[in-house]
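Dear colleague,

Please find below the structure that I am handing over to you. My notes on it come after the model.

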Amino acid sequence: IASNTGHLLGSRIMDGVDPSRIKSIVDRMLAPDMLAEEGVLTLSRMAVRYKPGAYHQGSSWAWDTGYIARAMRQRGFEEEGKSLENRVLKLVAREGSMIELSVGLMPGAFAKWDRTASGKNKHPAATSVKDVKDPQMGMNRVRQPPQKDQAWTITLAWRLLLERGWIDPPPPQGSGLKPWQIWADKTAQDLDKVLAQKAHSG
């Protein structure tokens, strides 16, 4: 099973469906084989193709988890959705950036993780390495590391902080460009501080 299943919760396909079926999807996304310290895994740990930290085969994407979390809340599973959102906020607070994806740490791993360390414990960012045979170049090693600051992670974090009242709301529509620029600059400056203070308290 993959995180794609959780996206059904945000679809009108599920409108009018028996609540027990909706709950079964929520429970499945929160099952131990699908849940990482940072959020929902792209692929179950029980899947044949699962590889820890692989780009789409076992990593955890902030936007993916955020989408599923919001859909859970819209379906009435407020606490379950918020718990997933908290995982994403804790990740970006600990990483110190709006990282694209993460390896999918086992529960409790954050407590043992030191972002300043070297070697395998340095950070939970996923990196997929693949050897590709290119007709022109021969063997080519392709790396797919996560983007350090990814737009969809930034927008997710800003939305969550706004919804929780942790940052000031933006100016009203029609205020002109300058007030929006001032708000965006101030929010960007305050973001790391707010996350450091608030994310770990949930």
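Predicted model: local features only at pLDDT ≥ 70, side-chain atom pairs only at ≥ 80, totals over all residues.

Residues are numbered from 1 along each chain as its sequence is written, and side-chain values use heavy atoms, with hydrogens and water left out.

**The largest pocket**

The volume of the largest pocket is about 200 Å³. Grid points are joined across faces, edges and corners, and the volume is the space filled by probe spheres set on the points.

The lining consists of Gly10, Trp63, Gly66, Tyr67, Arg70, Ala71, Gln74, Trp152, Thr155, Leu156 and Arg159. By class, these residues divide into 5 nonpolar, 4 polar and 2 charged; here Ala, Val, Leu, Ile, Met, Phe, Trp, Tyr, Cys and Pro count as nonpolar, Asp, Glu, Lys and Arg as charged, and the others, Gly among them, as polar. Helix H3 (62–74) and helix H5 (151–163) each supply at least two lining residues, and the largest share, 6 residues, comes from H3. Helices (H or I, at least four residues) and strands (E, at least two) are DSSP runs, numbered from the N terminus.

H3 has 13 residues and spans 18 Å from its first C-alpha to its last, close to the 18 Å expected at 1.5 Å a residue; the expected span is 1.5 Å times one less than the number of residues. Its buried residues (under 20% relative accessible area; exposed is over 50% and partly exposed in between, with a 1.4 Å probe and protein chains only) are Ala62, Asp64, Thr65, Gly66, Ile68, Ala69, Ala71 and Met72. These pack against helix H1 (4–7), helix H2 (19–29), strand S2 (39–40), strand S3 (60–61), helix H4 (78–95) and H5; contact means heavy atoms within 4.5 Å. After H3 comes Gly76, with a positive phi near 100°.

H5 likewise has 13 residues and reaches 18 Å, close to the 18 Å expected. Thr153, Leu156, Ala157, Trp158, Arg159, Leu160 and Leu161 are its buried residues. Gly165, which follows H5, has a positive phi near 75°.

**A buried loop residue**

Thr42 is found in the loop between S2 and S3 and is buried, at 7% relative accessible area. Leaving aside residues up to four places away in sequence, Thr42 touches Ala2, Ser3, His56, Gln57, Gly58, Ser59, Trp61 and Asp64.

**The aromatic rings**

The structure holds 2 aromatic pairs. Rings of Phe, Tyr and Trp (its six-membered ring) pair if their centres lie within 6.5 Å; planes under 30 degrees apart count as stacked, over 60 as edge-to-face and the rest as tilted. The rings of Trp61 and Trp152 have centres 6.2 Å apart and planes at 50°, so this pair is tilted. The pair links distant parts of the chain, with Trp61 in S3 and Trp152 in H5, 91 residues apart. Trp61 is buried at 5% relative accessible area, whereas Trp152 is partly exposed at 38%.

Trp63 and Trp152 form a tilted pair, at 6.1 Å centre to centre and 50° between the planes.

With kind regards

How values were computed:
1 Å grid on protein atoms, 1.4 Å probe; cavity = no way out; pocket = protein on both sides within 12 Å on 5 of 7 lines; lining within 4 Å.
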